[in-house]
Amino acid sequence: MEESDVEKDVREAGAAEKKQESEMSFALPNAIGDRLKAYYDDVASAPVPDRFLSLLEQLDRAEEKKKQKSDGEEVE
Amino acid sequence: MTAETDFRRELIQVIPNLRAFAASLAGSFDRADDLVQETLVKAWDKQHTFQPGTNLKAWLFTILRNEFYTQMRKKGREVQDVDGIHAMQLAGHPEQQGHLDLQDFRKALEMLPDDQREALILIGASGFSYEEAAEICHCAVGTIKSRVSRARTRIGQILKIEGDGEYGPDSIASQIIGVAPAA
């Protein structure tokens, strides 16, 4: 069933209003908001340090070993 | 096995955000990365408690924040302050010569109370909704809203942004009034 133009207008107006509301929640004055973003991205845009990548790799491997071991025990 | 690898990949994707949030909490890059490391280990240990399909980023932020405040309680406030001063000195490294503006902003941010600073970061930089931020900080949505408002006002005062002419005090005040309805 197709919606009428009026229904569509109402729906779109509602959506626009919602969108505006959600944008409002981030509506820091730009002078502050832009600086805040720059401050944050200064760290967030840096590549992920190797120490974290190797940490996760170790954790993954340890988990894997543990699993294989327990699987093996079940078989025996 | 595949699930674990996915979990690892998803963790890696959130790390840049975790580092930025941790740096804003801890005030020093070294402490921030220690905090991230502990968060990753904790998250790994309790990955079975994470519900797939829910917000992993918010889940990790919650772990990191809890870890930070647990450490703070253990170590006491003085340690944090010393680190904060250290961070201000660090902020002057040469690659950032072009970012004098950023240094001022960093200092202004340091002057905010912890609860206001984290609310401002979560909403204005990390991209969380008020609802998500409230969950991360274990408080009401209205509390987050008022913390963000107060943080914004204070930063504006410190940086004298309201004196730029770009944003008069009235326009800032009216935005705050406009943005902070009861939750």
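What share of the contacts in chain B with a separation of 6 or more comes from residues 24 or more positions apart? With that as background, please look closely at helix 6 of chain B: which of its residues are buried?

Reply: This is a predicted model, with an ipTM of 0.75 and a pTM of 0.72. To take your opening question, residues 24 or more positions apart account for 60% of the contacts in chain B that have a separation of 6 or more. The chain has nine helices and zero strands, and 34% of its 183 residues are buried.

Helix 6 of chain B spans residues 114–124, and nine of its 11 residues are buried, so this helix is largely enclosed by the rest of the structure. The buried residues are Gln116(B), Arg117(B), Glu118(B), Ala119(B), Leu120(B), Ile121(B), Leu122(B), Ile123(B) and Gly124(B).

The domain assignment, for its part, divides chain B into domain 1 (1–90) and domain 2 (99–183). The contact between them takes 12 residues from domain 1 of chain B and 11 residues from domain 2 of chain B. On the domain 1 side, the elements that give two or more residues are helix 1 (2–26), helix 3 (56–75) and helix 4 (77–90) of chain B, and by class that side has five nonpolar, six polar and one charged residues.

Now for the caution you asked for. Chain B averages a pLDDT of 81, and 72% of the residues score at least 70. Among the elements of the chain, helix 7 (residues 130–136) has the highest mean pLDDT, 97, whereas helix 9 (residues 169–179) has the lowest, 47. The pLDDT stays under 50 over residues 163–174 of chain B, for which the model has 13 contacts beyond four places in sequence, and also over residues 177–183 of chain B, which have 11 such contacts. Where pLDDT is low, the predicted coordinates should not be read in detail.

Note on methods: Residues numbered from 1 in each chain as written. Chains lettered and ligands numbered in written order. Predicted model: local features only at pLDDT ≥ 70, side-chain atom pairs only at ≥ 80, totals over all residues. Buried ≥ 20, exposed ≤ 12 C-beta atoms within 10 Å, placed from the backbone. Helix = DSSP H or I, 4+ residues; strand = E, 2+ residues; numbered from the N terminus. Domains from an automatic or database assignment. Contact = placed C-beta atoms within 7 Å. Nonpolar A, V, L, I, M, F, W, Y, C, P; charged D, E, K, R; others polar. pLDDT = per-residue confidence, 0-100.
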